[in-house]
Amino acid sequence: MMLPSPLLVDAPDLRPDRAIADAVLGSHPRDVVLALMPALWGAEELVLRLGERAPLHRLHDATAGIPPGHPTGGLLVLDEPAGQDPSALEALIASAAQARHRLVIPLRSDLDVPAPVRAHGGTGRVVLAGVRSLRPEQVVEAMVRHLEGPVTSSAARRVVMLSDGQPQAVRMVLERARRTGVLHAVDGAWRWRSQDQSFRWALAEGLPELLAGLDAAEHELLRVISCAWRLPESWAVGRFGVEVVDSLLAQGLISATDGTPHGPTVLAVRSGMLGLGLSTELRPAEDARLWYTAGSAVHQEAVGPAAQAGIAWWAARVGRSIPAGEALGAAEAALQRSWPRAALSILDAAAGQPDGARTAARVRSLLGLGRVREGVRHMEDLVDAAQPPLTPGFTAVLREVLLLARRLEIFRPELVGPVRRRLSAALGPSATPSIDRVTVLLEEPCSAGAADPEGLGEVRQWLRELGRVREEAPRDEGVMAQLIIGTRLGLRRHPDFGRLVLSSLVDELSADGGSPDVEECARAVLQMLTMIAGWRTDTLRLELEAWRHADGDAGTALAVDDIIGAVAAMQGDRMATAAQLAVAALEAWWEDDPYGLAGFAAAVHAACASYVGPVRHRQARELLQEATQGEGRSVTCGETGLPELRLISEGMALIGGGPPAQEVAHQLASLGARARAAGEWAQEQQLLLLSVLSGWPPAAQAILSSSWVRSGGRARMIVLLAEAMTTDSGDRALEIAETLLDADAEFFGCSILLVRWQSRAELDVGQRARLVGAVRRAQRSAPEASWVLGAFTELALSLREHRVLTFLQEGLSTREAAAELHLSPRTVEAVVSGLLQRFSCRNRLELLQLGLVEDEPPAQDQQTAEATGRGWPLAGPPGAG
């Protein structure tokens, strides 16, 4: 008999027991409700929750029947349905329906439904209730709610991968991570420690709870799969039986896929929480025992590349020597699936001395783990060994390494440039002609001029060049050329064109597979383009659900998300959060910097900290000094790292460095002029934006006269900001400010409001009231302390001022208000006179029209803060001098 489709409910609070309890209590009193809970996670909590909300009786044996006196509408919970006598279960179902009792049966999956219940499904009285999995962005949203604070990308990615989106698993991971201190809050931002051994042991110790709902065969298969990483399904079915495999698949604890259209099916532990706990629990002796009793036997089966890599990795862990050819094939299969750590372990276990092909695979593995300096040293070793005449095999190896060097040169030209030039010289000009042609053209001066201010002719030229590359170049060379074109043009002059090229590249690589390292680079650059060119700096990685089960360290592209988040938080006037996200990214890149962003992260951290407070600012300046000039460091802003962000890094470092504000603003504008001369519009836009916000009016005029003034996206936002800072129309300035506030650009919108507030005498009373209302709304919705909102010191009324205005608003005369406050009329007049002067009002009617009185009076008298000075307002924090 067919069962109905499962009723999937949402559990955004990470409590499946609550969500399923609602579904149970919302069913018909005569229904049989099957609560689907993988591995029975949360089943005990569900029973407790139901018992709090309705009369409940728990049955361990169906033959016991319904207890006398159990009230109508009560709940019956049946444990262990698989072991029940079928006739007794049929009788229980019938009597529960007659007495109008809901029968609730927790199950691991619909495969566990007993035959009598399945037969009863024909009556329409069976309900399957389960919890819908969370998408990655929903997991992050749930984490923010649960932890009551922002989370770094490394913490978010870790929880997403460990939980596989199961709400119960998300909560388990968070609870264990917080208890062990692996997940910890720094100034309100939640971060994940890179050394998480205590958390691993917490998962291992909690395995009895996690596996309580599984039988011994299911437990053993999970252990073997966790050892093998990827295990052929055919072998698992032959050894453990189809029922065991199907049960784990139905519960969502394992998945069956290979990532290739026609390859053999392989099994993987889908729940990272289980996989990590199982692998941590295994002692070396147990790992070796399982290898000799299970893993070594898999070699006799026909396996695909994924299983080959997983089995080879297992063999390497137990100390087996792997034949050189087999090790190279397994390492390449691992790299094609973004498992660089596995590839490195396999290569270490290879028999014999490393040859060129294995060294090239090692370079790729090291780059995948973010260990770029070590990778460059291996590149140098290969060039040193390149003595003519080169054999065809060694030539192919050098060419592969040259392409890796070209990729790294996009982000770290100062590090890999010398060895790349040596590789090019050793191979000659015919090795990668398409890339050579592209790089030469990219260095040509900007072709935009008066006749073509937006450089559309250049765009057409590069579209033609891209078409030529795709037609003529080999696939690996064409992929790298496309990455270079999209990065350089997107980050320099044409962000929309860069997005088009890189998005197309990501789509192709995702479909073809085999190049996850290049795909990761393309996604990272798309993130950067979102940061510097998008109106709203959204997290592209989460939107695309692009997190894969990769083995890379946080030092690779993952930390790019944190620096994007820092810029987004800056724009949203959340400077404390921005500082924490930036320093989290910097820590990930502290030992090595694969994306050339460590200097930028250090500068962003210092700039944000300048708006938080003097202590934090001093600490950030010390960290910036250590990051850029400390022993062995090489992340100096403006000298190393991603070329397209060097000038912006210098600008951020200026803001965070402590010079007087006017000096900072002037130097920012000078950096912007340098960017304009070089045709680097993206950097020019950001630097002029920073200059405007730092208090330099000529920067606004430079924006309005720029060649990109008619562009969309973030450039349009910058133009609007400049217009608001220069317009004579108060209404237009306020309109722009409100638009920016609505677009989550609170810092920019509030900056406009502060400029207008300092010249409020020039505004009419309606404009002043509109301004006060906008500021008050921003203050109420601000998630954390804000320097710019704190600069509206005049809006902080003392308790006396608040009461005087309240009584005047109620229509009382001065004498009546004085009597209510037990003050003299002269004192009340003095308070009113001071308020009129402070808010540039001609009379009491105008004063009341400003809407200064809030619903709740201030808790105590406010001390008048020090004035921020005349002129443009954001000259405060950077100017420590």
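Two strands are said to pair if DSSP finds at least two bridges between them. In this predicted model, such pairing builds an open sheet of 3 strands in the order 9-11-10, with antiparallel pairing. The briefing also covers helices 28 and 29, whose axes come within 8 Å, and helices 29 and 30, whose axes likewise come within 8 Å.

**The sheet**

- Strand 9 (231–232) and strand 10 (254–256) stand at the edges; each has a single partner strand, so one side of each is left without a neighbour in the sheet.
- Strand 9 pairs with strand 11 (residues 266–269) in the antiparallel sense, over 2 bridges.
- In strand 11, Val-266 stands opposite Pro-232.
- Strand 10 and strand 11 also run antiparallel and are joined by 3 bridges.
- Val-269 of strand 11 has Ile-254 opposite.

**Side chains of strand 11**

- In a regular strand the side chains alternate between the two faces of the sheet.
- In strand 11, Val-266 and Ala-268 point one way, whereas Leu-267 and Val-269 point the other way.
- Are these four residues buried or exposed? Val-266, Leu-267, Ala-268 and Val-269 are all buried.

**Helix 28 with helix 29**

- The axes of helix 28 (residues 558–571) and helix 29 (residues 575–588) cross at roughly 160°.
- Angles over 145 degrees count as roughly antiparallel, and helix 28 and helix 29 are therefore roughly antiparallel to each other.
- Helix 28 contributes Ala-559, Asp-562, Ile-563, Gly-565, Ala-566, Ala-569 and Met-570 to the contact. From helix 29, the residues they meet include Met-575, Thr-577, Leu-581 and Ala-588.
- By class, the contact of helix 28 with helix 29 holds 12 nonpolar, 2 polar and 1 charged residues.

**Helix 29 with helix 30**

- Helix 29 and helix 30 (residues 598–609) have axes that cross at roughly 155°.
- Helix 29 and helix 30 are therefore roughly antiparallel to each other.
- The crossing of helix 29 and helix 30 is left-handed.
- On the side of helix 29, the contact is made by Met-575, Ala-578, Ala-579, Ala-582, Val-583, Ala-585 and Leu-586. On the side of helix 30, Ala-598, Ala-601, Ala-602, Val-604, His-605, Cys-608 and Ala-609 take part.
- Which classes of residue make up the contact of helix 29 with helix 30? The residues divide into 13 nonpolar and 1 polar, with no charged residue.

Key: Residues numbered from 1 in each chain as written. Predicted model: local features only at pLDDT ≥ 70, side-chain atom pairs only at ≥ 80, totals over all residues. Heavy atoms only, no water. Axes fitted to C-alpha atoms, helices over the stretch in contact; angles between N-to-C directions. Parallel < 35°, antiparallel > 145°, perpendicular 65-115°, else oblique. Contact = heavy atoms within 4.5 Å. Nonpolar A, V, L, I, M, F, W, Y, C, P; charged D, E, K, R; others polar. Buried < 20%, exposed > 50% of the residue type's maximum accessible area, 1.4 Å probe, protein only. Left-handed = near helix turned anticlockwise from the far one by under 90°.
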